[in-house]
Amino acid sequence: MKILLTGNRGLICQAVEKKLVGNGHQVVGFDLVDGHDIRDQAAVIKAGKGYEAVVHLAALLGNDEIESAEEITRTNLLGTWNVLESARINGCRKVVFMSSVDALGIFKGEGVPDYFPIDDDLPCKPTTPYAISKKLAEEMCCSFSSTNDIPTICLRPPGVWNEQTYFHIVENRRQRPEYEWDPYWEYGAFIDVRDLADIVVRCLETEFNGYGCYLVASDDITTSGRTTAELARMVFPQVKWKTQADYEREPYRSLLDCHRAKETFGWKPQFSWKKFLDAHGYGS
Ligand SMILES: NC(=O)c1ccc[n+]([C@@H]2O[C@H](COP(=O)([O-])OP(=O)(O)OC[C@H]3O[C@@H](n4cnc5c(N)ncnc54)[C@H](O)[C@@H]3O)[C@@H](O)[C@H]2O)c1
């Protein structure tokens, strides 16, 4: 398949590109670093000519200290609109859009979930420019698929980790144990960039119609020892549980329920916090 990758100079897209090329696909990148701007509709339409699919990752990541609401909105919303227009005009067969768990409005200390475990049905209450941009871009994809008959798949990863991130987390917690939940707890959620690249490729290679939006995360939580239920009770004692049975059987199970992504795309994360600890002698 010939695939256009926006944001190909970034952390995630580099792993996606590697995996796609390994599977025999032809890819071309589109990134601001190389002078290609997704805010420029004519440029995106020109770049999409002849491509069968788009993986859209280019975005501003919501660093409020250096990015204004206007910049985030223009890049993340106008940019997504331009990518979808390009897909429509060029007769593209599928679009994969990298959203974020931030669309839920409960990460980075933004809000409190209505219930645990966090699943694909949890109501979204985003409040920041970045979180709102991700939620609205998902809506754009949904509306696009219903009017153009081109499938769009949105993925919602939590923090995306490369091999260095695991060590960085261990070191930060060694220096300051509360770092794990203060100033906010990310529900112990993360996804290894290699697992994320794997599901992106599966989204492209699996027969799919219409619109879908999926949580994607590792199977276990990152923790210094407390179980998922202990951490959840400590940080969010007021949040009710739909079910806790799975967490009695698997004490470190992720609070993000990704069963829909797994069933739809035959995906299973290969990397976990436990595997990292065991591999590097941190295990008990
Ligand atoms: N990294 C994470 O933890 C994480 C978590 C959830 C979702 N995401 C999403 O995944 C996607 C990729 O994230 P990443 O971590 O690889 O980020 P990154 O910052 O490493 O890569 C983003 C890329 O987009 C490019 N870009 C920015 N503005 C552009 C523009 N106007 N035109 C063309 N290219 C532009 C940048 O140059 C950069 O190479 C983003 O959409 C992000 O919101 C990331």
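Predicted model: local features only at pLDDT ≥ 70, side-chain atom pairs only at ≥ 80, totals over all residues.

**Entry 1. Second largest pocket**

I looked up the volume of the second largest pocket and got about 520 Å³. Its lining comprises 26 residues, and those nearest its centre are Asp-220, Thr-223, Trp-273, Lys-274 and Leu-277. Two elements give two or more residues to this lining: helix 5 (163-175) and helix 10 (273-279). Which element supplies the largest share of the lining? I find that helix 10 does, with 5 residues. Sorting the lining of this pocket by class, I get 10 charged, 9 nonpolar and 7 polar residues.

**Entry 2. Ligand shell**

I next turned to the ligand. There are 26 residues around the ligand, and Asp-31, Asp-37, Leu-57, Tyr-130 and Lys-134 come nearest. By class, the shell divides into 14 nonpolar, 7 polar and 5 charged residues. Helix 1 (11-22) and helix 4 (129-148) each supply at least two residues of this shell.

On the backbone side, a polar atom of Ile-12 is 2.9 Å from an oxygen atom of the ligand. Among side chains, an N or O atom of Asp-37 is 2.9 Å from a ligand nitrogen. For Lys-134, I find a polar side-chain atom 2.9 Å from a ligand oxygen. The ligand taken alone exposes 830 Å², and 85% of that is buried by the protein.

How many cavities of 30 Å³ or more does a search of the whole structure find? I record 1. The largest cavity holds about 40 Å³ of space.

**Entry 3. Thr-6**

I looked up Thr-6 and found it in strand 1 (residues 2-6).

**Entry 4. Cis peptide bonds**

I noted a cis peptide bond from Phe-116 to Pro-117, with omega near -15°. Pro-117 sits in the loop between strand 5 (115-116) and helix 4. I also noted a cis peptide bond joining Asp-182 and Pro-183, where omega is about 15°. The loop that holds Pro-183 runs between helix 5 and strand 8 (191-192).

Lys-108 is not a glycine, yet I read a positive phi near 50° for it. I place Lys-108 in the loop between strand 4 (94-98) and strand 5. The relative accessible area of Lys-108 is 40%, so I class it as partly exposed.

Asp-149 likewise is not a glycine and has a positive phi, about 60°. Asp-149 lies in the loop between helix 4 and strand 6 (152-156). Why does Asp-149 count as exposed? Its relative accessibility is 72%, and the class begins over 50%.

**Entry 5. Gly-266**

Last, I checked Gly-266, which is in the loop between helix 9 (259-265) and helix 10. Gly-266 has a relative accessible area of 49%, so it goes down as partly exposed, since exposed needs over 50%. I also took a C-alpha to C-alpha distance: Gly-266 and Arg-202 are 7.8 Å apart in space and 64 residues apart in sequence.

Note on methods
Residues numbered from 1 in each chain as written. Heavy atoms only, no water. 1 Å grid on protein atoms, 1.4 Å probe; cavity = no way out; pocket = protein on both sides within 12 Å on 5 of 7 lines; lining within 4 Å. Points joined across faces, edges and corners; volume = space filled by probe spheres on them. Near = heavy atom within 4 Å. Polar contact = N/O pair within 3.5 Å; in protein donor to acceptor, adjacent residues only side chain to side chain. Areas by Shrake-Rupley, 256 points an atom, 1.4 Å probe, with all protein chains shown as cover. Helix = DSSP H or I, 4+ residues; strand = E, 2+ residues; numbered from the N terminus. Nonpolar A, V, L, I, M, F, W, Y, C, P; charged D, E, K, R; others polar. Buried < 20%, exposed > 50% of the residue type's maximum accessible area, 1.4 Å probe, protein only.
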